[in-house]
Amino acid sequence: MHNGTSLTQFIIEEQRRIPGATGDFTSLLNDIVTACKVIANAVSKGGLIGILGTAGSENVQGETQKKLDVIANDVLVRSMEWTGHLAAMASEEMEDVYRIPGRYPRGKYLLLFDPLDGSSNIDVNVSVGTIFSVLRCPEGVDEPAVEHFLQPGTEQVCAGYAIYGPSTMLVLTTGHGVNGFTLDREIGEFVLTHPDMQVPAETSEFAINVSNERFWEAPVQRYVRECLQGEEGPRGRNFNMRWVASMVAEVHRILTRGGIFMYPWDRRDPSKPGRLRLMYEANPMAMIVEQAGGAASTGRARILEVRPTELHQRVPVVLGSREEVERVVRYHREHDRARARGGSPVEGAPV
Ligand code: AFP
């Protein structure tokens with residue numbers, strides 16, 4: 001028997017603080033949590049039930065789908081479509097908006113998710129996760145379409161992720177701080193283990209895929225070069241580096257012990273404004289990190305204020321400890337000013 005606060009209890013107590021709350025949102029969250037438990041179960045079985053490897057298909061971004069990508073997407077769709085809380089869903093793994101079938105009641109929320117982030121890690125048994133974001137469906141909209149999802153991240157009602165690591169955790173914000181819950185498998189409940197998570201303001205740890213270094217813009221190259229120079233460089237201290245290739249794992253580490261995570265724009269394919277997706281990766285993670293006292297930027301703009309134009313839009317991401325993110329933003333500003341004074345523009349770079 002655990003002595004802590006269960007996630008169910010936590011959500012209900014939060015609801016009681018909101019005058020006039022109907023319990024609709026509470027039920028929605030509980031349904032998401034249940035879906036994450038089902039995904040956690042499948043992820044933990046891995047090779048035992050033959051679900052490792054590729055599914056033999058590609059998603060809308062042209063990326064090879066893993067069997068577990070498809071399974072996790074299906075679990076979320078099937079767990080959420082009948083509940084009556086959603087008007088529509090959108091996912092990394094589905095090209096179009098998923099409308100709630102006519103046989104089920106429609107609700108007032110829109111759900112976006114990356115069902116299994118970091119799925120390239122599944123076969124090597126490294127942490128993966130589910131990222132989700134909840135928006136309100138605009139009033140009077142019966143048939144939600146892409147345009148109704150295209151709301152800036154500041155409009156998110158709630159954001160969270162589940163991380164399937166050595167333990168399964170769920171980290172959640174409804175705009176009043178960030179709380180982390182650990183799944184107690186014996187009782188099947190998430191229990192509050194990390195109340196009021198805070199990103200330390202300063203850090204000496206950075207996460208970026210350095211193999212892309214030659215394709216980055218100058219401000220990112222400058223930031224990383226200075227970190228690598230350690231005690232002998234302008235930062236005057238040594239830095240450590242991590243790269244899991246699973247954004248959920250990187251953000252979770254940053255929430256736990258600080259750091260900065262970057263997936264900046266790069267020159268490999270100038271038509272792509274970044275690798276990570278705005279609506280179901282960058283926005284929910286930006287809301288969580290900001291709610292925990294950190295910052296999240298494209299390098300040139302606050303992520304949560306980016307006006308989305310496409311469902312599967314990509315965006316450069318710099319997030320984590322506030323002071324480090326502000327430094328990277330300053331390097332971009334200085335670079336852009338120098339460029340405006342006559343330096344040569346970087347072809348294709350986002351402005
Ligand atoms: P997948 O979900 O397709 O595995 O992508 C993971 C991810 O979107 C993000 O979680 C990682 O930070 C990033 O891609 C890793 O990208 P690289 O393989 O280019 O390092």
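In the structure described here, the backbone nitrogen of Gly299 lies 2.7 Å from a polar atom of the side chain of Ser297, a polar contact being a pair of N or O atoms within 3.5 Å, of which, within protein, one must be able to donate a hydrogen and the other to accept it, with residues adjacent in sequence counted only if both atoms are side-chain atoms. The structure is a predicted model, in which local features need pLDDT of at least 70 and side-chain atom pairs count only at pLDDT 80 or more, whereas totals for chains, interfaces and linings use all residues. Residues are numbered from 1 along each chain as its sequence is written, and side-chain values use heavy atoms, with hydrogens and water left out.

The side chain of Ser297 also reaches the backbone oxygen of Ala301, at 3.1 Å. Ser297 is found in strand E15 (residues 295-297), where helices (H or I, at least four residues) and strands (E, at least two) are DSSP runs numbered from the N terminus. With a relative accessible area of 5%, Ser297 is buried; buried means under 20% relative accessible area, exposed over 50%, and partly exposed in between, with a 1.4 Å probe and protein chains only. When residues up to four places away in sequence are not counted, Ser297 touches Arg302, Ile303, Pro316, Val317, Val318, Val325 and Val329, contact meaning heavy atoms within 4.5 Å.

The protein as a whole has eight helices and 17 strands. Its radius of gyration, taken over C-alpha atoms, is 20 Å, close to the 20 Å that the globule rule gives for 351 residues, so the protein is as compact as a globular protein of that length; the rule is 2.2 Å times the number of residues to the power 0.38. Taken along the principal axes, the C-alpha atoms fill a box of roughly 60 × 45 × 45 Å. Of the 351 residues, 56% count as buried, and among contacts between residues at least 6 apart in sequence, 64% join residues at least 24 apart. The accessible surface comes to about 15300 Å², of which 48% belongs to carbon and sulfur atoms, as given by the Shrake-Rupley method with a 1.4 Å probe, only the protein chains shown counting as cover for residues.

Helix H5 (residues 218-229) has 12 residues and reaches 16 Å from its first C-alpha to its last, close to the 16 Å expected at 1.5 Å a residue, the expected span being 1.5 Å times one less than the number of residues. The buried residues of H5 are Pro219, Val220, Tyr223, Val224, Glu226 and Cys227. They cover an arc of only 155 degrees around the axis, which puts them on the same side of H5, the arc being that of the directions from the helix axis to the C-beta atoms. What covers these buried residues includes strand E11 (205-207), strand E13 (260-263) and helix H8 (322-340). H5 is followed by Gly230, whose phi is positive, near 55 degrees.

In the loop between E11 and H5 lies Asn212, which counts as buried at 5% relative accessibility. Its side chain is joined to that of Tyr263 by a polar contact of 3.3 Å, and, with residues up to four places away in sequence left aside, Asn212 touches Tyr263, Asp266 and Arg268.

In helix H1 (residues 7-16), the buried residues are Leu7, Phe10, Ile11 and Glu14. Seen down the axis of H1, these residues fall within an arc of 95 degrees, so they line one face of the helix. They pack against helix H2 (24-45), strand E8 (168-173), strand E9 (179-184) and strand E10 (189-194).

Most residues other than glycine have a negative phi. Asn125, in the loop between strand E5 (109-117) and strand E6 (128-136), has a positive phi, near 60 degrees, and counts as exposed at 73% relative accessibility. Ala245, in the loop between strand E12 (240-241) and helix H6 (247-257), has a positive phi of about 65 degrees although it is not a glycine, and with a relative accessible area of 35% Ala245 is partly exposed.
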